[in-house]
Amino acid sequence: MLTARTKTGKKLCLGYDYRKETLLDLRNKEEFICPICGESVLLKLGDQRIFHFAHKRGSNCRDNFENESYEHIEGKRQLFQWLNKQKIPSVLEFYDREIQQRPDIMFKHKGKKYALEYQCSTLSEKVFIKRTKTYIENNYTPLWIISSSHIRQKKKITIALSNFHYLFLRSTTSGNLYIPAYCPEEHLFQLVESITPFSIKNALVEHSYYSLHNIELDELLEPEKKFQFNLSSWNKEIEKFILNWSLHPQSSKKIFLHEIYNRGLNLFLLPPEIGLPVFHSLLIQTPSIIWQTYLFLDVLASKSPNDLITFQEINFHFNKRIRRNDIILRNLPQLEQLNPILAQIEYLQTLEQLGILIRKGDTAFQMKRKIMIPRSNREREEAKLFFYKKNNNILVKK
Ligand SMILES: [Zn+2]
């Protein structure tokens, strides 16, 4: 840890740059105390590691700093100095006794109180969610930043994102969704933006990089980049996904395959209107192609032209699928205010733009024409080619 108190109650924060001689001198004169547990701590001034405080062996401190990696100490120190440079009131390792939580940095900005957590080690989903909830309930805006070492790029625009990664997802005030990452070695922020998952673990994304010296806090909190989306990559990944599924059928997928088979559908003969990208699809863990197939089976398939499709109906079937675990939602503790039904509505809006539905008032659509199910692979290929040629503009603009 980087903060301790002296016996007389003075705080010493090693987030500021001190000369070694000054600290050696202080160490000879003072005794240092952990601000959380009150035990005395040692000031370590080695040449290998960053200057820091350490509990004595066998300490019972509830906040076990001793597992802190070099990356974590150095990362939070850099972020603290970055905020200080911008004259943003910040406290390193701020301990909130009331909630018994200690964000890496607490700072105040534009009337809001932030709890910045720079996370290098993995943390259980349960602990992450509980901490975030406590922050929000106590008027903190959580700002979780993941270590860049956890972000592994597969290809230029595809990335594997686990449930752990999605916990870091946050929103700008305008509704842009992104995951902030930081690398202390390169002094580099990395923002993972335009996240469009095509399977549970894989997503199309855009990466933006900002040197710590060139970015201000507001740009980190409110990145302005427009949502970008690559339709041909999406298409390729969806085709690969379908193929993969048929080659490696797992029991959880078998239920889905069985159901669509019973309804006269086949994974290889899904129409091009099923499996489309929508902005909020990342709120749902179940791949788009599956929940859109369910929506088709539950609601759209039975409708004839002029029939109404109400939001209530959509909601009812969506919730039923969630209860049966056919559809799984993502845990997004920083985005609790977002309702995953948004993704379903956006899909219907896309179908409206494609000329399949017509909007009727605030809470309903009307069927204009039915979605045609291809009867052969050849028919599907032709339908798909035609569909993407004709609707390219609609699908790219999201
Ligand atoms: Zn302690």
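Which side chains meet in a salt bridge at 3.1 Å, N to O? They are Glu239 and Arg380, and we'll come back to them below.

## Before you start

This is a predicted model, so local features need pLDDT of at least 70 and side-chain atom pairs count only at pLDDT 80 or more, while totals for chains, interfaces and linings use all residues. Residues are numbered from 1 along each chain as its sequence is written, and side-chain values use heavy atoms, with hydrogens and water left out.

## The zinc site

Let's look at the metal. The zinc ion has Cys34 (SG), Cys37 (SG), His55 (NE2) and Cys61 (SG) as its protein donors, at 2.0 to 2.3 Å. Donors here are N, O and S atoms within 2.8 Å of the metal (3.2 Å for Na, K and Ca); water is not among the atoms, so sites may look incomplete. Along the chain, the zinc donors are spaced C-x2-C-x17-H-x5-C.

The angles among the 4 donor atoms run from 103 to 121°, and the site is tetrahedral. For four donors, that label needs all angles to lie between 85 and 135 degrees.

What about exposure? Cys37 is partly exposed at 31% relative accessibility, whereas Cys61 is buried at 11%. Buried means under 20% relative accessible area, exposed means over 50%, and partly exposed is in between (1.4 Å probe, protein chains only).

## Salt bridges across the chain

Side chains of opposite charge can pair when their charged atoms come close. A salt bridge is counted when a side-chain nitrogen of Lys or Arg is within 4 Å of a carboxyl oxygen of Asp or Glu. This structure holds 21 salt bridges.

Back to the opening pair, Glu239 and Arg380. Glu239 sits in helix H6 (residues 231-247) and Arg380 in helix H11 (residues 377-396), so the bridge ties together parts that are 141 residues apart in sequence. Helices (H or I, at least four residues) and strands (E, at least two) are DSSP runs, numbered from the N terminus. Glu239 is partly exposed at 29%, but Arg380 is buried at 6%.

Asp17 bridges to Arg77, with the closest N and O atoms 3.0 Å apart. Here Asp17 is exposed at 61% and Arg77 is buried at 16%. Glu117 and Arg131 make another salt bridge, at 3.8 Å between the closest N and O atoms. Glu117 belongs to strand S8 (residues 112-119) and Arg131 to helix H3 (residues 125-137).

Finally, a network of salt bridges links Glu259, Asp298, Arg321, Arg324 and Asp326.

Definitions and conventions. Four donors count as tetrahedral if all angles lie between 85 and 135 degrees; four count as square planar and six as octahedral if opposite donors are over 155 degrees apart and all others between 65 and 115; anything else is irregular.
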